[in-house]
Amino acid sequence: MGVTAILPWLPWKILFSFCFRVISDYNPLFLPALTCVGVGDVCNKGKNLIVAMSAEGWFHLFDFTPPPSKHLDGPGPHEPPTSDGDQKLGFKQHIPANTKVMLISDIDGDGKNELVVGYTDRVVRAFRWEDSSESSENISGQLVLLKKWLLDGQVDSLSVNPGPDGAPELLVSQPGCGYAILLCTWKADHQHPAEGEADSVAAGREAPIRDVILHQTSGRIHNKNVSTHLVGNIGRGGTQQHSGSGLFALCTLDGTLKLMERADKLLWSVQVDHQLFALEKLDVTGNGHEEVIACAWDGQTYIIDHSRTVARFQVDENVSAFCAGLYACKGGRNSPCLVYVSFNQKIYIYWDVQLERMESTNLLKVLESNSEYTELLQQLGVAGDDASTVKELIHRTLYPEHQSDNHPQPRRQGKMDSSKCWANIQET
């Protein structure tokens, strides 16, 4: 599994040790405690960069795109970069310390990505990259603070979900299976500032203005301080483009799992007897509907579709970190993967995780969708809507050794006898 082939989609936990080594080589005296690692177009140049942030507040950017002169002679798509120049630190800036979680996404609907950072002191800040150079090759600029929000509870997850009008909404998890919508009001605040108000507007960027809409999804939570994780913008196939609000899911450490469309529309709720600490979304059936995937500390993994059909998967070891997504592990193509990090310093990647379907079904429904099956029925003179004859025919096909001459099947007048159908199949 090559590093360069999967860097744009590499799980953030796997990037920890790699970025730590590169930063340490850049400055041996500075050994940061990395808290957030992500990949995205944070500079809005159409190119993914690796973002690493430390607990001390140091923001690092890495660009692993090789120079044009090295494209021909450089490493292949499945070979890691080897030269020191390919691993050089691209940019470094200090922002407020105690970072906890990070999100790179368009949160205000302007078509440009912002950097959203959650902190251990219940604060969320939004930054935007401002270039100081027109060149798309060099990283030159700085992060500029857009807004600061102060929450009532600890922040464990950040996500973006389409609102009722289709515009993105920034969601933040709150303890007790709650969440908050953070309003991006900097456009209205900075449209036409007066000259005397310029300083107050700049100071207001850091002021803890509470543009926060808090939602509690249940009033019967046993522990209002239980940690909560959420994931938004869950894909639901072709119907997604015709709907307003997107789907989002929440899970808690005491085993509560919910899928919601709006604050007042609960699609389903599941209670399990495992401590859920990670929540992801992934299409494991290939139908465009992303399933909700939750992982517990003991390795129990739940895969739940939009109709609350549940599939469970057990990892043999206790899990310290989990993520799921489309990663290129083999064959140079992305496939659904589940990634586990154990407490024994091991990383387990289950690649090409695909299920034919989530919902329960029967053999007749599966065969009816097969054109070859319909043609065979026509050749045998069996009507597809004759359920009893079709079932008898399938039974004789699957279990021929159970047929007995002592119990001949009765013939139905005006219809093809299934025994003749079975004889025709044997002849062919």
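Here is a short chat about a predicted model and the terms used for it.

Biologist: Why is Tyr-399 called partly exposed?

Modeller: Tyr-399 has a relative accessible area of 37%. Buried means under 20% and exposed means over 50%, so Tyr-399, at 37%, counts as partly exposed.

Biologist: And where is Tyr-399 placed?

Modeller: In the loop between α7 (387-398) and α8 (418-427). Tyr-399 also belongs to a nonpolar surface patch with Leu-363 and Leu-398, with about 280 Å² of accessible area together.

Biologist: What makes β1 (34-40) and β4 (89-94) stand at the edges?

Modeller: Start with the sheet: an open one of 4 strands, in the order β1-β2-β3-β4, paired antiparallel. β1 and β4 each have a single partner strand, so one side of each lacks a neighbour in the sheet. On average, neighbouring strands there are turned by 15° against each other, direction ignored.

Biologist: How do you know that β2 (residues 49-54) and β3 (residues 58-62) pair?

Modeller: Pairing takes at least two bridges. β2 and β3 are joined by 4 bridges and run antiparallel, so they count as a pair. Ala-52, for one, has His-60 in β3 as its bridge partner.

Biologist: What makes strand β7 (residues 123-131) mostly covered?

Modeller: Of its 9 residues, 7 are buried. β7 pairs with β6 (residues 114-119) over 4 antiparallel bridges, with Val-116 opposite Ala-126. Another 9 bridges join β7 to β8 (residues 141-150), also antiparallel, and there Glu-130 is partnered with Gln-142.

Biologist: Which residue takes a positive phi in the hairpin of β6 and β7?

Modeller: Arg-122, near 65°, in a hairpin with 3 residues between the strands.

Methods: Residues numbered from 1 in each chain as written. Predicted model: local features only at pLDDT ≥ 70, side-chain atom pairs only at ≥ 80, totals over all residues. Heavy atoms only, no water. Patch = residues over 30% accessible without salt bridge, like charges linked within 9 Å, V, L, I, M, F, W, Y side chains within 5 Å. Areas by Shrake-Rupley, 256 points an atom, 1.4 Å probe, with all protein chains shown as cover. Salt bridge = Lys/Arg side-chain N within 4 Å of Asp/Glu carboxyl O. Helix = DSSP H or I, 4+ residues; strand = E, 2+ residues; numbered from the N terminus. Buried < 20%, exposed > 50% of the residue type's maximum accessible area, 1.4 Å probe, protein only. Axes fitted to C-alpha atoms, helices over the stretch in contact; angles between N-to-C directions.
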